[in-house]
Structure formats: structure tokens, C-alpha cells
Amino acid sequence: MSMIQRLNAISGLPTLPEVALKVQQLVFSDDSNAFALARIIEQDPALTAMILRVANSSYYASGNRISTVPMAITRLGFNEIGHIIIATSIIKSFTARPGSNAFDYHQFWRHALTAAHMASMTTRFSSVVFTPEERQTLYLAGLLHDIGILVYDQFFYEEFKEIVDYAVKNEVSFLEAESAVTPKETHAAVGAALLEMWKLSPIAINGVRFHHTPEKASDKEKSIPFAIYLSEYILCNSGIGSFEGQIDRHEGSILDELNIDAESLPGYLLEAQNQVDKSDLILAIDGSAPVSNQDPGKPLRAI
């Protein structure tokens, strides 16, 4: 039985948090407004407290301390608050499995948050025309692109440990180890299967499924996979927010596919560096960053 078949038989899979779904729908709806977003936040005291802590943090604060959700929305921006809520609610759904020490969950979510931001800002650097639905999906697909790796750790730990051990022993990237150990299945396929169970949009599902092989997506579906691939390529090969190890450059030009001028890459990289700091802030201030089960006295196992 394949991992995807086994995944479909698991009864205790995490579900997409209701608040994330509500906020995703609201932020990108035609009638979105700050009042409706504030109402969703204010229904959850813990969420309200987190948003106010973020808004008053040194990263965002530019004036007097604020004490209301509407003021926080004004300071951070409608989309920014929406992205933070979506991210933190999903992060809380995946806690480190007891006894797991294959990789660091904090580093994983740091990478995911940074990739999500980079994917969503692709529209600023690319002259490709993204449809409204694609623009709405970029952040979520970027955030969840590696969710299959967490599914490995949570539910297929023996296979996952074998992949990690192979990567460490042979000093290769996670992708190379995965190809050697589980050649017929990938974390991208497993992650896409989970998103199908969550009934997310086909655009998001394909973004996850093809984020390492964007050339395999149909011509109408390539924009998001290539945007995520570019984010992965920059993060993994620059060491910013990376945990998978270096990845090879895609055949053909990523920049050509996305119509991105090479001269804009320094600005893109600077955005990535700034986002790492913000990702660390969100993980720390929310308290949602799962604690790694690794011995803090030992170096993290790079994969």
C-alpha cells in the first residue's frame, strides 16, 4: 500500500483550522473589509492577544502602543494580518510528534513562512499576469509547499527517518535522499494529497504537487509552481531559512518562465532576508513554534 493510500486511511489527520479558512476566504473576497476581519479576530481572545502583541512589537511598532484590533489592522495592513492568522493557526495544528528528532520544527516553519512571503511577492517582480485566484493562492501554497514533510514525520516516521539518515550518511540533500529511498513517492505528492483531503483549490494543490517539478504542470498551471520553486531555489541555495539542502537549478530559466529581470534579484533576496527576521518574530511572539525534540546540546541534523 502506498503512502498516499495509507494517508487516506488515517483517521487522526490534522484538519485545516476553521479560522484559517474563514480568514483566507475573507481576505481575498470581493467584499472584504477590516470590520469583518476584526470581528473574526475578536471572537478569539487568544488570537486577539497575539495580534496585539505582534502589532506592538518592535518590528511593526512605529508610534504609540495600540490596544484594539481595528488599530492593529490599520498598523499591520489587512493582508498582512490575514497572512499571520492563516500561518499561525496552521502551525498550531502540527506539533512535533513525541520521540521525533529527525528535524527541527522551528526551522521548518521559519522556512515555510519565508517561502510563503516570497511566493506572494512574486507578482511584484514578475511581469507574468497572475489571475486573481492565483494571487489569492500564492501565500497559502507557499506556506504549505513542504507540508508533506510534516506528514512524513507525523505518520510515516520509519520511512522519514530512513530518508534523513540517508541524507546525513551520504551528505546529500533531502530531495536526493528521498529519490533514493522512496523513488515512487515524494513529499510534494503526499502534501498535495493532504490538501485534496482539505478540499483546497486545485491551484493550491498543483502549486504544492509541482513545486519541485514545475515543468510538469500544465501551461495554464505553471505560474504558482514556478513562483514557489524560485522561492525554494533562493532559500535553499543561499542558506536563508533553508533546511532541505541545496537544490539544482531547474532546466531552462526560472526567470524566463516568470518574466523576472535578473537585475531585480538583489531586491528579491533582500526581501527574503527581511522576511526571515519577521518569521522568527511571528514564531516567537505567538508561542506557536513547536519545540524541537532534539537535544539542545547537539547540533541540528541538516538535511
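**F125**

I looked up F125 in this predicted model and found a relative accessibility of 19%, so F125 counts as buried. Buried here means under 20% relative accessible area, exposed means over 50%, and partly exposed is in between (1.4 Å probe, protein chains only). F125 sits in helix 8 (residues 122-125). Helices (H or I, at least four residues) and strands (E, at least two) are DSSP runs, numbered from the N terminus.

I then listed what F125 touches, leaving out residues up to four places away in sequence: N259, I260, S264, G267, Y268 and E271. Contact means heavy atoms within 4.5 Å. I also took two C-alpha separations. F125 and A262 are 9.9 Å apart in space and 137 residues apart in sequence.

**Ground rules**

I noted that residues are numbered from 1 along each chain as its sequence is written, and that side-chain values use heavy atoms, with hydrogens and water left out. Because the model is predicted, local features need pLDDT of at least 70 and side-chain atom pairs count only at pLDDT 80 or more, while totals for chains, interfaces and linings use all residues.

**G267 and N259**

I followed two of the residues that F125 touches, G267 and N259. G267 belongs to helix 17 (residues 265-286) and is partly exposed, at 32% relative accessibility. N259 is in the loop between helix 16 (254-258) and helix 17. At 43% relative accessibility, N259 also counts as partly exposed. N259 is not a glycine, yet its phi is positive, at about 55 degrees.

**K199**

I looked at K199 for its backbone as well. K199 has a positive phi of about 60 degrees and is not a glycine. Its place is in the loop between helix 13 (187-197) and helix 14 (202-209). With a relative accessible area of 72%, K199 is exposed.

**Whole chain**

I recorded the totals next. The protein has 17 helices and 0 strands. Of its 303 residues, 54% count as buried. Among contacts with a separation of 6 or more, 70% are between residues 24 or more positions apart.

**Helix 9**

I checked the span of helix 9 (residues 132-144). Its 13 residues should span 18 Å at 1.5 Å a residue, and the end C-alpha atoms are 19 Å apart, which agrees. The expected span is 1.5 Å times one less than the number of residues. Helix 9 bends by about 40 degrees at L138. The bend is the angle between axes fitted to the seven residues ending there and the seven starting there. I listed the buried residues of helix 9 as E134, T137, L138, Y139, L140, A141, G142, L143 and L144.

**Helix 9 against helix 15**

I found that helix 15 (residues 223-238) and helix 9 have axes that come within 10 Å and cross at roughly 40 degrees. Helix 9 is therefore oblique to helix 15. Axes are lines fitted to C-alpha atoms, for helices over the stretch in contact, and angles run from 0 to 180 degrees between N-to-C directions. Angles under 35 degrees count as roughly parallel, over 145 as roughly antiparallel, 65 to 115 as roughly perpendicular and the rest as oblique. The crossing of helix 9 and helix 15 is right-handed. A crossing is right-handed if the near helix is turned clockwise from the far one by less than a right angle, and left-handed if anticlockwise. E134, T137, L138, A141 and G142 of helix 9 make the contact with S223, I224, A227 and I228 of helix 15.

Helix 15 has 16 residues and reaches 22 Å from first C-alpha to last, close to the 22 Å expected. Of those 16 residues, 13 are buried, so helix 15 is largely enclosed by the rest of the structure.

**Helix 4 and its partners**

I looked at helix 4 (residues 45-55) against helix 6 (residues 78-91): the angle is about 125 degrees and the axes are 11 Å apart. The two are therefore oblique to each other. Their crossing is right-handed. L47, M50, I51 and V54 of helix 4 meet I81, I84, I85 and T88 of helix 6.

I then took helix 4 against helix 5 (residues 69-76), where the axes come within 10 Å and cross at roughly 45 degrees. That makes helix 4 oblique to helix 5. The crossing of helix 4 and helix 5 is left-handed. T48, I51, L52, V54 and A55 in helix 4 are in contact with V69, A72, R75 and L76 in helix 5.
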